[in-house]
Amino acid sequence: MKGKGAISNWIVVLLALHAIVILAGFFAPYDPTEQDRKSPYQPPMRIHFVDAQGYFHARPFVYQLQPREGSYDQYQENIARSVPLKFFVQGERYRLLGFVPSHLHLFGAENERICLLGSDSYGRDQLSRFLYGGQVSLFAGLLGAGITLFLGLGVGALAGFYGGWRDDLLMRLAELFLALPWLYLLFALRAFLPLAVGPLQAFFLIIAVLGAVGWARPARLVRGVVLSAKERDFVRAARGFGATSGYLLRRHILPEASSVLLTQAAILVPQFVLAEMTLSFLGLGVPEPVPSWGSLLSSLEQYSVLVSCWWMYLPALMMVPFFLGYLGLGSRLQQYGEPYKIGK
Amino acid sequence: MPYLLRRFGHAIFLLIGVSALAFAFTVLSPGNYFDEMRLNPQIAPETIAALKTQYELDRPLPIRYAHWVSSVLHGNMGFSFAYNSPVAPLLLVRARNTLLLTITAMLLAWGIALPLGIWSAEHQGGVSDRLVSSGTAALMVIPDLALALGLLVLAVKSGWFPTGGMVSLHFDDLSFLGKIRDLLLHMTLPVAALVLSVLPLLIRHVRASVAEVLDAPFLLAAEGHGIPRRTLLYRYALPAAANPLISLFGFSVGTLLSGSLLVEVVMSWPGLGPFLLEAILARDLYVIIGGVLLSTLFLVGGNFSADMLLYWADPRIRAEARN
């Protein structure tokens, strides 16, 4: 079927993009916190195949960047020193997936740092920071969306299935959460949690805040599904045969909500990634030196960077494929929303 | 009008609920404004304790809430520790600036989305429709933050627009028209960022709901009567498609307010955004609660006006309300 094909295409695209970020250690040439104070704000190095004399080289190379004469932050290519790109090189030690120790990097160069996306104020490689930052931002989004959907599922099922005062109470509470613009809600929650915390704590704090912010909308949707599902004939029949409430919910009612939840997930994840970026951009998120997509962009708040370092904007463009993937998946799921289930 | 009265009562309930919730959240807070003072050896512990007592931070939560509510009713909305003044006057100036942005952006966004969406629905599948839908898709995949920063880069490179603040330094010396021109120039970038961030959503919804109505038999009949195309679209199709769009109007208020928070910080617009951020970093409790409550007020106000609009536009709701 055309619809299913399109959905799995988008899923494959997303998986590939996420794999690159998860395996950041391999794809990134350097450690994201490694500094090179002698070359701050280096522009991206150009990859060449043809050298200054007009000779073609099969192996791509870059020219070493050196400060322009009489300047300390303007660079130019030193055509006397070409640095060949090497693939599958031994580089710095890192832990793949957090536990597999490895030296291998996709590319690199001998005795020379090459920054294909330029470097930041401390001379840190922007490409490496983008890839590692994706781990923070994407997983904050994914985990936050997971918690939100879990909460939404629980609250929606409780409200819809049992009804009565529970329904009233929970839905009034949901209205309160929906009455706040989401960013204000995020701010309010973040405001009452500790500000000066370590990177890992901050990461989990943000996930908790994100998870607590968005549950109201999925809860309402799930409640609607549960309300209609519990009056279906096969559910009544199962109840007549003596099925317990827990069994009914698990076996017959909540599976009906799976397509709603899936669609919500595709919508929520990019929203939450954006929310994490916003918090980190404003300095309320994961602190330095750990990179996140938000803090990567926050250097653009300085006027001088904005004016003279255009490459600091490149990470923003590199995020677009991720958002495109989620948007594509989300709209496909909405279109073919009905009883679509993975693996069938 | 019991319908509107009911909606109004609901709005009041939301405001009270959100404020109570915000107070309940303060329990989570691990410190307060005066804790930072403890690090300063020049301030005696007794002074800090006295300040805490003065601002009632040592009293139980329900009492603080009751006092805060009475402060709101007196038009103060609590006391800002950092500014040493009542919160309300501080907030109102910022809120005015935020509203200036969001309302302008709202009018512009809907002013663009309605004709474009209707046009796109009328030419379904055509080149122009596909152009519009790929344009909206492109806007949707650019993160809001990147969009705002991109506009800022554009402004800096071109030098067409001022890149921060609300007015120029020599604002007071300008003539009346000059002042308006200066303000408009400063508003352009933030408003553009806001409009571009909500526009794709609005256009898509307008297109979808108008396209649905265009297939209805009553429009075919009207067309058969020889009614001109423009009248058909704007007098017949649009009112019929209005119901979901008016609900979207209420929703877009919330989106714009959130978007404004970020855009204001990026473009250093002196609105609620930078003010609230500063308050969060300083743990200025009542400013945070005040800002959150004010945003709720705006959103609830937006929803309430959407309800009123719906009442006016949709005869079914009027009939339902009468019974």
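**Two helices and a chain contact**

In H5(A), A:Trp182, A:Leu185, A:Leu186, A:Leu189 and A:Arg190 meet A:Val209, A:Ala212 and A:Val213 of H6(A); contact here takes C-beta atoms, placed from the backbone, within 7 Å. This is a predicted model, where local features need pLDDT of at least 70, side-chain atom pairs count only at pLDDT 80 or more, and totals for chains, interfaces and linings use all residues. Residues are numbered from 1 along each chain as its sequence is written, while chains are lettered from A and ligands numbered from 1 in the order in which they are written.

- Helix H5 (residues 182–191) and helix H6 (residues 199–213) of chain A pack at about 135°, axes 10 Å apart.

**Chain A overall**
- You'll find 13 helices and 5 strands in chain A (DSSP runs, numbered from the N terminus: helices are H or I, at least four residues, and strands E, at least two).
- Its C-alpha trace spans about 85 × 45 × 35 Å along the principal axes of chain A.
- Of the 344 residues in chain A, 41% are buried (20 or more other C-beta atoms within 10 Å of the residue's own, placed from the backbone).

**Where chains A and B touch**
- Chain B puts in 37 residues and chain A 34.
- On chain B's side, H6(B) gives the largest share, 7 residues.
- That side of chain B has 29 nonpolar, 7 polar and 1 charged residues.

Definitions and conventions
Buried ≥ 20, exposed ≤ 12 C-beta atoms within 10 Å, placed from the backbone. Nonpolar A, V, L, I, M, F, W, Y, C, P; charged D, E, K, R; others polar. Axes fitted to C-alpha atoms, helices over the stretch in contact; angles between N-to-C directions.
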